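Thanks for making time this morning.

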Amino acid sequence: MSLEENIRKAKEAIAAAAREVGRDPAEITLVAATKTQSDDTVRAAIAAGITVCGENRVQEMTAHLDADAYAGAGLHFIGHLQTNKVRQVVGRVDLIESVSSEHLLLAIEKEAAKLNLVQDVLLEVNIGGEETKSGVLPDQVETLFFRSLELPHVRLRGLMAIPPVAGADGNRAFFHEMYEIFVDIKQKMTDNKTDIDCLSMGMSGDYENAVREGATLVRLGTALFGPRPPMPRTM
Ligand SMILES: *Cc1c(COP(=O)(O)O)cnc(C)c1O
């Protein structure tokens with residue numbers, strides 16, 4: 001199938017899953033996970049209706065930015081971010097979805113202050129409690145949201161998660177748990193300086209269930225672009 005066809009199908013599936021649970025499909029944004037894709041493929045995806053690209057690696061992102069490949073779309077950083085690369089990301093993306101520690105949050109605050117801007121971010125939650133995954137544990141979420149109120153150059157707008165990769169229905173309980181954490185933190189942060197309006201969860205294998213459980217952002221790679229070549233381990 002063509003990229004256009006895949007994008008259309010994914011949007012239809014998102015809309016159908018949303019309607020199933022009485023949600024407005026317009027609440028959900030499809031983020032194209034463009035890792036390993038060429039400048040031209042990124043451009044083709046945007047021409048075919050992708051409005052937000054999600055990039056994992058600082059180096060690839062920088063190359064696409066230099067080539068102006070994201071023109072016409074928003075850009076999210078969704079990968080593991082090392083503090084020494086924060087400078088290459090802050091102010092260049094609309095949203096950093098993968099803030100996985102207080103240390104990283106503070107590094108982003110510092111860089112955004114230098115640039116005199118406010119960086120939108122999400123907190124990545126290690127919802128499966130997996131040792132190999134980054135992200136804060138659910139019981140640290142509240143502390144970090146309150147901490148963010150003291151940081152004038154970051155705006156913490158919600159949560160992101162990559163649950164354990166499981167079978168078709170395997171991650172649904174994790175998505176549900178994420179939604180409960182999301183609702184809970186929204187209630188606790190009613191005096192927040194910004195709306196908490198982003199819940200990023202769901203990938204090619206499980207995005208329909210993520211939508212059924214309340215995702216506002218789903219991140220799709222293979223469902224749009226087909227299988228990826230294996231990625232080298234270096235970041
Ligand atoms: C690659 C990636 C995705 C998309 O994965 P697919 O299974 O190809 O849809 C989503 N989120 C993150 C953080 C990724 O790295």
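This is a predicted model: local features need pLDDT of at least 70, side-chain atom pairs count only at pLDDT 80 or more; totals for chains, interfaces and linings use all residues.

The ligand first. Around the ligand sit Ala33, Lys35, Asn56, Ile78, Ile162, Met203, Ser204, Arg219, Leu220, Gly221, Thr222 and Arg228. By class, that shell has five nonpolar residues, four polar and three charged.

As for cover, the ligand on its own exposes 390 Å², and the protein buries 90% of that.

Let me stay with asparagine 56. This residue is in the loop between β2 and α3. Is asparagine 56 buried or exposed? Its relative accessible area is 14%, and the cut-off for buried is under 20%, so asparagine 56 counts as buried. Setting aside residues up to four places away in sequence, asparagine 56 touches Lys35, Phe77, Ile78, Gly79 and His80. Of these, Lys35 and Ile78 are also listed around the ligand. For a distance along the chain, take alanine 113, which is 57 residues from asparagine 56; their C-alpha atoms are 24 Å apart.

Next, helix α2, residues 39-47. Its buried residues are Val42, Ala45 and Ile46. Viewed down the axis of α2, those residues fall within an arc of 100 degrees, so they line one face of the helix. Asp40 and Ala47, on the other side of α2, are exposed. What covers the buried residues? The cover includes α1, residues 3-20, together with β2 at 52-55, α3 at 58-66 and α8 at 222-225. After the helix comes glycine 49, with a positive phi near 110 degrees.

Threonine 36 has phi near 70 degrees, and its place is the loop between β1, residues 29-33, and α2. At 30% relative accessibility, threonine 36 counts as partly exposed. Aspartate 68 has phi near 60 degrees. Aspartate 68 belongs to the loop that runs between α3 and β3, the strand at 74-77. With 52% relative accessibility, this residue counts as exposed, since the line for exposed is drawn at over 50%.

Last, arginine 23, in the loop between α1 and β1. Arginine 23 is buried, at 14% relative accessible area. What does its side chain pair with? There is a polar contact of 3.1 Å to the side chain of glutamate 27. A polar atom of the arginine 23 side chain is also 2.8 Å from the backbone oxygen of alanine 215. Beyond its neighbours within four places in sequence, arginine 23 contacts Ala18, Ile28, Val211, Gly214, Ala215 and Thr216.

Note on methods: Residues are numbered from 1 along each chain as its sequence is written. Side-chain values use heavy atoms; hydrogens and water are left out. Buried means under 20% relative accessible area, exposed over 50%, partly exposed in between (1.4 Å probe, protein chains only). Helices (H or I, at least four residues) and strands (E, at least two) are DSSP runs, numbered from the N terminus. The arc is that of the directions from the helix axis to the C-beta atoms. Contact means heavy atoms within 4.5 Å. A residue is near a molecule or strand if one of its heavy atoms lies within 4 Å of it. Accessible areas come from the Shrake-Rupley method with a 1.4 Å probe; for residues, only the protein chains shown count as cover. Ala, Val, Leu, Ile, Met, Phe, Trp, Tyr, Cys and Pro count as nonpolar, Asp, Glu, Lys and Arg as charged, and the others, Gly among them, as polar. A polar contact is a pair of N or O atoms within 3.5 Å; within protein, one must be able to donate a hydrogen and the other to accept it, and residues adjacent in sequence count only if both atoms are side-chain atoms.
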